[in-house]
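Subject: The structure you asked about

Hi,

Here is the structure to look through. Open it up first, then read on for what turned up in it.

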Amino acid sequence: MKIRQYLAKLIDVLLPVAAMLVALLVGILLLLLLGTDPFEAYSALIQGALGNVSGITQTLTKATPLLLVGLGICIAFRGGVINIGGEGQIVVGALAATAFGVGFGNLPALILLPLTLVSGAAAGLLWGGIPGLLKARLGVNEILTTVMMNQIALRLMNFLLRGPMLDPEHVAAGTSIPQSAALPESIWLTRLVPRTLFHSGAILAVLLALAVYFLLWRTTIGYRIRAVGLNPHASRYAGIPVPKYVTLSLALSGMLCGLAGAVEVLGVHHRMLEGLSGGYGFSGIVAALFGKLHPLGAIPASALFGALLVGADKMQRAVQVPSALAIALQGLVVLFVVSSDLYVRRRTRRRVGEDGPDGPIEGNGDNREKSEEG
Amino acid sequence: MLRRVISTWLIILLLLAGCGGSDEDAEGEAVGGEGEPFRIAIVMPSSTTDIAWSQSMFDSLMAVQAEMGGESALKLAYSEGMFRVTDASAAIRDYASEGYDLVIAHGAQYGNSVFEIASDFTDTSFAWGTSSDTGAERGFENVFAYGAVANEGGYVNGVVAAMLSKNDVIGVIGPVAGDAKLYIDGFVRGVKDVKPEAQVNISYTGSFSDTTLAAEAAHVHIQAGADVLTGSAQQVVGAIGVANENNVAWLGTQSDQISLGPDVVVTNQIYNWANVVVDMIGKIEAGELGGTAYRLTFENDGLRLEFNENIEIDDEVKEAARAAIEDIKSGAVDPVLPEDE
Amino acid sequence: MVDELLTVSTLIGILHSCVRLATPYLFAALGETFGQRSGVLNLGVDGIMLMGAFFAFYVVFEGHSLWVGVLAAIVIGVLMGLLKAFVSVTMQSLQGISGIGLYLFGLGLSSLLFKTLIGSVEGVSGFRQLPIPLLSEIPGIGHILFNHNALVYLAYLMVPVSWFVINRTTLGLKIRAVGHNPEAADTLGVSVSGVRYTTLMIGGALAAVGGASLSIGLQNVFQENMTNGLGFIAVALVYFGSWRTVGVLGGALLFSLVNALQLWVQALDIPVPSEIAVMMPYIMTIVVLAFTARQIQKPAALARSYERGE
């Protein structure tokens with residue numbers, strides 16, 4: 001019996017990987033359409049992501065923001081809300097962190113670094129908290145607000161990087177590249193492997209994954225977030241202030257995305273520039289899904305999805321296919337992985353009651369507080 | 001239980017890593033030996049077919065390749081769609097470690113990455129733009145920089161616009177305020193030099209790729225009386241379609257846009273990077289890996305103004321455009337906006 | 001300067017822009033309304049629009065007529081809808097995420113096909129302005145409403161048609177029943193999956209025609225990722241309209257009106273920073289909804305997959 005359970009769990013965990021492989025098999029059709037040798041393409045993909053130090057560090061560097069965003073998505077999903085606004089939250093997080101780090105550059109690093117991270121997190125918290133508050137108090141759907149706030153954030157960035165935050169050195173040189181001044185070197189996150197971008201933000205992300213796990217399953221706040229996510233009606237009758245926890249889960253979700261932006265600035269670019277995120281808000285959702293919307297599952301899942309992204313870029317270089325192929329492949333992978341969930345859910349339903357804290361959640365991604373017949 | 005989940009995942013990752021095997025870095029390969037093709041890699045933020053910035057360089061590279069005698073003389077590798085700087089950085093480093101002779105980072109946002117990587121690969125030559133910074137004063141010897149003096153073509157297009165316009169209203173569709181500033185400033189100056197009373201309406205869509213809004217901006221300009229339009233960034237394809245439908249003149253920039261509006265695109269400023277590329281190849285083969293900052297101008301044939309052969313253009317207009325180009329070349333006109341504007 | 005904005009001809013211009021600009025949003029958001037009323041959230045609208053835009057363009061580019069292009073968009077839209085239905089109805093996947101998969105798939109595939117089959121940005125001759133006789137002669141209103149191309153009219157025609165289908169037909173009754181209480185609908189003999197497959201195919205077709213309205217109607221060109229996230233805005237507008245066709249129309253018009261206004265403000269050189277102007281449509285949509293949103297009745301089973309009990 002024990003062994004059967006273990007096997008079942010193993011299959012659950014392996015399933016996304018299997019689904020991904022099936023998706024890549026289907027992707028062979030696309031490669032053949034382009035007249036590319038699928039074997040050569042896929043070996044470049046695997047080798048590019050995991051074949052050598054450079055590939056592995058690229059994968060882990062990419063996994064870092066994915067994990068942070070993914071954690072935010074986990075909280076939102078557990079709280080019964082959908083956060084499509086990761087992209088905007090990353091951008092405002094990065095902007096705020098840069099503004100603070102550059103503006104207070106003369107503070108000692110020991111104080112400046114944490115405060116820089118905190119300002120990024122705070123901006124994300126705000127950018128996620130607004131949709132949360134609007135949903136909780138006024139019933140404005142969070143998909144609408146987060147989609148709109150992504151656009152606002154991007155336009156805000158365009159403005160700030162060409163105006164108030166533009167690097168004074170560039171203004172002086174007249175080159176006007178839309179980027180901010182550099183952060184003081186003392187607060188750059190340590191590069192863990194020389195000559196790569198892999199930085200200590202990865203460790204922070206993993207620690208935060210543990211913290212989110214602890215928050216969601218070991219504290220009252222986490223219990224309430226999950227209760228509201230599973231059944232807002234019952235939660236209300238149980239005396240949980242539902243609006244407060246709806247706001248909280250979106251705000252926390254935004255906070256982690258904002259932190260992802262701050263970490264990208266501190267660890268990779270050392271300044272704010274265009275093209276800092278470019279889709280991590282969506283990719284993070286996918287990474288969270290691969291990890292079964294569980295904070296600890298998100299750790300390996302973001303590494304896996306990061307590997308896919310890095311490998312796909314390498315494939316573009318190696319067999320010279322359009323970048324669009326990589327995007328289409330990602331789409332296929334997501335479709336197959338979400339579909340593979342059916343198997344898990346069917347089986348878990350058969351052994352009701354055995355579901356641990358990391359059991360898959362129902363396909364209820366939306367808060368139903370406003371669903372009364374009216 | 002959780003530990004098991006994690007350890008299983010780790011094992012999978014390790015297994016996959018094992019399958020990958022190791023690929024030997026061909027680092028520090030000798031530069032273009034006898035009979036070996038010269039190898040250029042380019043990393044671009046947008047698509048090779050964006051009909052704007054990325055395409056202008058891609059087309060120039062293809063032209064150089066054809067000129068030099070194809071794949072056997074010049075091997076090209078490209079990464080498109082690298083709008084994320086982290087991805088671009090990985091690609092640049094990868095190309096450098098694969099021993100490419102010249103790695104072109106075709107975006108100002110890649111600057112940080114270029115210098116970081118250039119200090120690790122001192123035998124590889126890098127080029128980036130738009131910029132004039134080769135890092136020479138910081139000790140870099142292997143970085144070229146390039147940029148287009150877009151206000152020159154902007155000025156000439158402005159002169160053409162002023163002469164074509166009957167309503168004396170001209171519309172400009174820009175991406176994001178502050179971007180494409182050179183081109184737009186030059187354009188406005190060109191218009192004003194011919195017709196000081198003409199009105200130039202500028203609107204920004206707030207995005208580089210919002211073709212829908214760019215198209216509507218074209219409609220708005222036309223309804224507000226504009227009878228000549230121009231604009232920049234890859235979003236303009238939407239606007240050119242509208243110009244076509246309403247038979248309103250369009251003045252193109254960056255890449256060849258005539259095919260999009262065979263009946264309305266009157267002139268086209270084209271970025272011709274071929275000379276820059278050829279010059280860089282020559283320098284690299286002679287052992288000079290960087291240090292030059294290139295600027296595309298009419299003078300050095302980096303900027304070209306093409307007239308659409310399919311439509312009839314008044315000789316007067318053509319003549320004025322040619323005269324403007326000569327004035328710029330000779331220095332008689334400096335196509336910038338006066339300070340007080 | 002500001003008084004220039006208040007002239008009659010400018011106001012007509014703004015409203016004319018607004019009506020035209022709303023076209024792709026209307027198609028896509030109406031399509032999404034069908035899906036959501038039956039309980040399926042489809043975030044992949046943008047990907048379907050891109051596929052529709054590409055196929056319509058490609059067919060016209062190859063020399064076929066414009067309406068064949070629209071038909072091609074419908075076919076590909078139905079297929080994309082089927083794919084979404086298979087994933088979220090048959091495979092009961094998490095709907096929020098599977099839509100993102102569909103979006104990426106559509107975005108990637110349309111760009112890939114474009115690169116392979118066409119290879120460079122080309123123009124075609126698309127739907128022409130088609131002033132409606134007599135009606136377009138009415139001063140003011142005639143230009144605003146009746147001086148557009150055929151696809152613009154079609155988009156507005158879809159509003160009453162969708163309203164009728166959802167509120168006055170048996171299919172509509174089934175859609176609402178399935179979206180509200182799939183268990184009960186099932187007990188009454190309504191095929192939950194059948195209805196959801198149908199709505200997603202309708203939604204796919206409408207989204208794809210929305211894409212076509214860009215590539216062969218309003219811009220007459222295809223470029224990679226030419227929708228630029230328009231499909232996500234369309235999904236948001238369904239929430240704005242609280243799942244009612246008229247509300248969706250209102251949302252699309254409001255969003256487009258603010259957009260048209262900001263373009264006009266810029267074009268007339270009115271001293272409003274363009275940085276602020278370009279944010280306005282997004283800010284206004286949130287603000288207006290924040291003031292009006294009360295007691296929205298949403299399809300109770302939205303985003304829940306349904307599996308028959310055993």
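Before any counting, one term: helices (H or I, at least four residues) and strands (E, at least two) are DSSP runs, numbered from the N terminus. Please also keep in mind that this is a predicted model.

With that in hand, chain B turns out to have ten helices and twelve strands. Chain B is 341 residues long, and 62% of them count as buried. Its accessible surface comes to about 12500 Å², with 49% of that belonging to carbon and sulfur atoms. If you take the contacts in chain B between residues at least 6 apart in sequence, 67% join residues at least 24 apart.

Now go to strand E1 of chain B, residues 38–43. How many of its six residues are buried? Six of the six, so to be clear about the word, buried means under 20% relative accessible area. Both faces of E1(B) are covered. Phe38(B), Ile40(B) and Ile42(B) are buried on one side, while Arg39(B), Ala41(B) and Val43(B) are buried on the other.

Which strands does E1(B) pair with? One is E2(B), residues 74–79, which runs parallel to E1(B) and is joined to it by six bridges. In this pairing, look for Ile40(B) standing opposite Leu76(B). Another is E3(B), residues 102–105, also paired in the parallel sense, over four bridges. There, Ala41(B) stands opposite Val103(B).

Next, find Asp87(B) in helix H3 of chain B, which covers residues 85–97. Is Asp87(B) buried or exposed? Asp87(B) counts as buried because its relative accessible area is 10%, and the cut-off is under 20%. What does Asp87(B) touch, leaving aside its neighbours within four places in sequence? Its contacts are Lys62(A) and Asp313(A) from chain A, plus Met82(B) from chain B.

Last stop, chain A. Leu192(A), Ile203(A), Val206(A), Leu207(A) and Leu210(A) make a nonpolar surface patch of about 410 Å².

Cheers

Key
Residues are numbered from 1 along each chain as its sequence is written. Chains are lettered from A and ligands numbered from 1 in the order in which they are written. This is a predicted model: local features need pLDDT of at least 70, side-chain atom pairs count only at pLDDT 80 or more; totals for chains, interfaces and linings use all residues. Side-chain values use heavy atoms; hydrogens and water are left out. Buried means under 20% relative accessible area, exposed over 50%, partly exposed in between (1.4 Å probe, protein chains only). Two strands pair if DSSP finds at least two bridges between them. Patches are made of residues with over 30% relative accessible area and no salt bridge: like charges are joined within 9 Å, nonpolar side chains (Val, Leu, Ile, Met, Phe, Trp, Tyr) within 5 Å. Accessible areas come from the Shrake-Rupley method with a 1.4 Å probe; for residues, only the protein chains shown count as cover. A salt bridge is a side-chain nitrogen of Lys or Arg within 4 Å of a carboxyl oxygen of Asp or Glu. Contact means heavy atoms within 4.5 Å.
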